[in-house]
Amino acid sequence: MNTFEIKEDFLLNGEPFKIMSGAIHYFRVDPNDWYHSLYNLKALGFNTVETYVPWNLHEPQKNEFHFEGILDLERFLSIAQELGLYAIVRPSPYICAEWEFGGFPAWLLTESQRLRSNENAYLNHVADYYDVLMKKIVPHQLSNGGNILMIQIENEYGSYGEDKDYLRSIRDLMLERGITTPFFTSDGPWRATLRAGSMIDEDILVTGNFGSKAKENFESMQNFFDEHDKKWPLMCMEFWDGWFNRWKEPIIQRDPQELAEAVSEVLTRGSINLYMFHGGTNFGFMNGSSARGVIDLPQITSYDYGAPLNEQGNPTEKYFAIQKMIHVKFPEIQQMEPLIKQNIEKKNIPLNNQVSLFATLETISQPIRSKNTQSMEALGQNTGYLLYRTTIERDAEEERLRVIDGRDRSQLFVNQELKATQYQTEIGKDIKVPMPQTENQIDILIENMGRVNYGHKLFADTQRKGIRTGVMADLHFINNWEQYCLLLDTVEDVDFSKEWQANQPSFYRYEVTLDELGDCFIDLSKFGKGVVFVNQTNIGRFWEVGPTLSLYIPKGLLTVGVNEIVIFETEGTYQPEISLLKEPLYKEMKEG
């Protein structure tokens, strides 16, 4: 039986062991590609894979658990072990990861007063989740013949709180459910975050997260260890080899050779986990958002991250720069040629059908009626869109309307004609619209563009989506609303036999016949904003503002023969033909 201990060094079977790890989030990579990405990690000469575990995907509704397909954590760990890779698992309730709500399921917003705290209501939900999750993890511990070396307690907690009772509670929940693998915490490498977020007095390993200046950051960590008389190995648990990207901002770049030298600096003194090794994709509505003052800045669908493997899992210049450095620095480490997937291309795929959202609304959602508008969470919905509908009498030729306290993006229609689009800071401002009829239909389409994943706003009111207070006409709130939850997990119930109207949110259906399969990128450069479905799988959001103008389609979502692509577009912009490309498209953007 293999053993792993944390002494002055990491000890594997009693021998010093340098952890050379790369982050691959199984839930961001099509399961057909797990072997490809893990093999390329092993081929680099690395020995360990690290992954988070996203609570919101595994328990999207309370007591409804999923561990199949892209969520089959056990299969992912088994493939890694078969390839000779050890694993680091981070099953914190909170993961950050530029992921929707930092991994928290949105239903917690109606169930708990404060997340990431020792509050009983919150911890009881964590306990229920761990009852199921730990049964998936325990068999894969090293002591049980598996490959898990270490497990994390919480995640960068020192950048949020300092409640040691809470950290102990999370640890104890895992201990009670059979975790015997060594624990660790990870935080920023300076004293304030290490003191607040670590459990150093409980003899639990402290690791640091940074992306450069390894000598200085490790020195700061060593000083903290010395202060507490700890003789531990140094490890960077997240060495940021790239960075995430947000809408309307240029892609962030990092020089491959500079990165290889920075990784070498870490390995000279300690162990490393490259964050990310393969970033992958925020499929569906799973992109997170950055908190910036009064606004939130949502991240894009691609989680390419500028990592050693690109979004689809093929090696980049960074991969080969690190490969060369490892060969020189550690000539005894065996390396192999990486696997490279082939891409396909298909041009001029014609539009088959189109239908307006308003025409097919009743086939994809049933109205929930209430006197006042309800938030997304109150309606039992986590992500996607919400359509609010009511009718108002004409009191004046021009009416003053206001959406009060709404998130994140609002499109207001009068008699199904778009009158205003507002986003965060604009929501609440006057919308003056003509009232052509005695009775006028008001529709408000609200998009949840992603909850924050980091910082002080995690539990702020702004993370409750939809229209939280109401809609005003003149000086009074409007009553009697119908609310249509548009989860858009699939588009199976969209009725394309119904009417299409120009300049309305609509569904566009394309069919493409493929004789061969491969990865590809759908060109969305002439569409406005929305989401794409490939054979009923939501592959994520697009937006004409950039920086990306395409979405990645993994080979595993395609089939030989006829494939269906449905685009839900909210701006009234579409194309009579689409194309599948071999390379992603980007919008030219200037820094700053």
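This is a predicted model: local features need pLDDT of at least 70, side-chain atom pairs count only at pLDDT 80 or more; totals for chains, interfaces and linings use all residues.
Biologist: How many aromatic pairs does the structure hold?

Modeller: Start with the rule. Rings of Phe, Tyr and Trp (its six-membered ring) pair if their centres lie within 6.5 Å. Planes under 30 degrees apart count as stacked, over 60 as edge-to-face, and the rest as tilted. The structure holds 39 such pairs. One of them joins F27 and W99. It is edge-to-face, with 4.9 Å centre to centre and 70° between the planes.

Biologist: Which parts does the pair of F27 and W99 tie together?

Modeller: Helices (H or I, at least four residues) and strands (E, at least two) are DSSP runs, numbered from the N terminus. F27 lies in the loop between β4 (20–24) and α1 (34–44). W99 lies in the loop between β6 (86–90) and α4 (120–137). The pair therefore ties together parts that are 72 residues apart in sequence.

Biologist: Is F27 buried or exposed?

Modeller: Buried means under 20% relative accessible area, exposed over 50%, and partly exposed in between (1.4 Å probe, protein chains only). F27 counts as buried at 2%. W99 counts as buried at 1%.

Biologist: What is the geometry of the pair of W55 and Y129?

Modeller: That pair is stacked, at 4.9 Å centre to centre and 5° between the planes. W55 lies in helix α2 (residues 55–58) and Y129 in helix α4, so the pair ties together parts 74 residues apart in sequence. W55 is buried at 0% relative accessibility, and Y129 is buried at 0% too. Both belong to one aromatic cluster, whose members include Y94, F101 and W107.

Biologist: Where does the charged end of R116 sit?

Modeller: A charge sits over a ring if NZ of Lys or CZ of Arg is within 6 Å of the ring centre and within 35 degrees of the ring normal. The charged end of R116 sits over the ring of Y94, 3.7 Å from its centre. K529 lies over the face of W543, at 4.7 Å from the ring centre.

Biologist: How many disulfides does the structure hold?

Modeller: A disulfide is a covalent bond between the sulfur atoms of two cysteines. Here the test is a pair of cysteine sulfur atoms within 2.5 Å. The structure holds zero. C485 is buried at 13% relative accessibility, and C520 is buried at 0%.

Biologist: Which residues does UniProt list for "domain: Beta-galactosidase 1-like first all-beta"?

Modeller: The unreviewed UniProt entry lists residues 375–486. Such annotations may be inferred rather than shown by experiment. In the model, that span is 0% helix and 54% strand, and its end C-alpha atoms lie 13 Å apart.

Conventions: Residues are numbered from 1 along each chain as its sequence is written. Side-chain values use heavy atoms; hydrogens and water are left out.
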